[in-house]
Amino acid sequence: MALKQKVRDMFDLNGRVALITGGAGLLGSKHAEAIAELGGIPILVDIDQRRCDLLADRIHNEFGVICIGIRTDITDLNQVVELRKRLLEELGRVDILVNNAANNPAVSSGGLDQIHSSRLEDFSVELWNQDIAVGLTGAFLCARTFGPVMADQGGGVILNIASDLALISPDQRLYRKPGLPEHAQPVKPVTYSVVKSGLIGLTRYLATYWVEQGVRCNALSPGGVFVDQDEAFVQRLSQLIPMGRMAGKDEYKAAVAFLVSDASSYMNGANLVVDGGRTVW
Ligand SMILES: NC(=O)c1ccc[n+]([C@@H]2O[C@H](COP(=O)([O-])OP(=O)(O)OC[C@H]3O[C@@H](n4cnc5c(N)ncnc54)[C@H](O)[C@@H]3O)[C@@H](O)[C@H]2O)c1
């Protein structure tokens, strides 16, 4: 009879190499903390080397694990392939890929500032391409590059960070500014919805692609994190959330730990929604 595995042991990431794109950002750093706390080796992949280095040092000191920050633009296949070469030389394996990087395009007013307007009527092809490049093409390039490494090793996990806005349309009333004419009201850009919905499709595709080689793929859809946003905005958004509040920065760590570890060993192609209930209303 097979030995029963302890639940605590299922979360163990000891020695597992975990790539986190956008690893120097707000949530990327939290994913890294969760992985480090469980003994994993976070590799922070970001375009900002300075923030990567600071965070890698902090995580190493706080959790006593190896943590490396490597400047890589994930929209550039050559840089992603170079990253694979370096990681395989230095660490010999890759067990986890968290596709977390995003452009997080600004919500901005139309009419007043045509160049950076986020309104659909004004939204430039250039901004569209930039957002898709980071959020979707970057995730595709990383999966294309590191999926085969995991498949060759006989297993691994890909986690795509989507959003509650992968499931629902942005409520544009949240972003309204009093006194502005209709054509100048700020909106959440279309690319955010498209990138996040696309990641759910990518999740389903990847969930079957290397499944026979033991590579699973899931998505996490977080709701908005409270980071001292404008009070009126926070109040309006909180009213759309059954729990009546935005998320704290640490409230996705356990979900990430679950999704990247053996604790979720029978979960594949799923989207875990952690949004205080926003999408059930
Ligand atoms: N913060 C939230 O409220 C929230 C809610 C739902 C979903 N999300 C999603 O969670 C993820 C992380 O969000 P965040 O709030 O930490 O954002 P963030 O802006 O703090 O972090 C994103 C990171 O991606 C990096 N990045 C940008 N372009 C890159 C590129 N070409 N190559 C490599 N790295 C690049 C940035 O330098 C940045 O450090 C995003 O996918 C976001 O859409 C965030």
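In the predicted model, helix H5 is followed by glycine 154, a residue with a positive phi near 95°. H5 itself comprises residues 125–153, 29 residues in total. From the first C-alpha to the last, H5 reaches 40 Å, close to the 42 Å expected at 1.5 Å a residue. The helix contains a kink of about 45°, and this kink is centred on alanine 133.

Eight helices and seven strands make up the secondary structure of the protein chain. The radius of gyration of the chain is 19 Å, close to the 19 Å given by the globule rule for 281 residues, so the chain is as compact as a globular protein of that length. Taken along the principal axes, the box filled by the C-alpha atoms is roughly 65 × 40 × 40 Å.

The ligand is surrounded by 26 residues. The closest of these are Leu27, Asp46, Asn100, Asn104 and Lys196. Sorted by class, the shell consists of 13 nonpolar, nine polar and four charged residues. Helix H2 (26–37) supplies at least two residues of the shell, as does helix H6 (190–209).

For asparagine 100, the distance from a polar backbone atom to an oxygen atom of the ligand is 2.8 Å. A polar backbone atom of valine 225 likewise lies 2.8 Å from a ligand oxygen atom. For glycine 25, the corresponding distance between a polar backbone atom and an oxygen atom of the ligand is 3.4 Å. On its own, the ligand has 830 Å² of accessible area, and the protein covers 86% of this area.

Most residues other than glycine have a negative phi. The position of aspartate 228 is in the loop between strand S6 (215–222) and helix H7 (231–238).

Methods:
Residues numbered from 1 in each chain as written. Predicted model: local features only at pLDDT ≥ 70, side-chain atom pairs only at ≥ 80, totals over all residues. Heavy atoms only, no water. Near = heavy atom within 4 Å. Polar contact = N/O pair within 3.5 Å; in protein donor to acceptor, adjacent residues only side chain to side chain. Areas by Shrake-Rupley, 256 points an atom, 1.4 Å probe, with all protein chains shown as cover. Helix = DSSP H or I, 4+ residues; strand = E, 2+ residues; numbered from the N terminus. Nonpolar A, V, L, I, M, F, W, Y, C, P; charged D, E, K, R; others polar. Expected span 1.5 Å × (residues − 1). Bend = angle between axes of the 7 residues up to and from the residue. Rg over C-alpha atoms; globule rule 2.2 N^0.38 Å.
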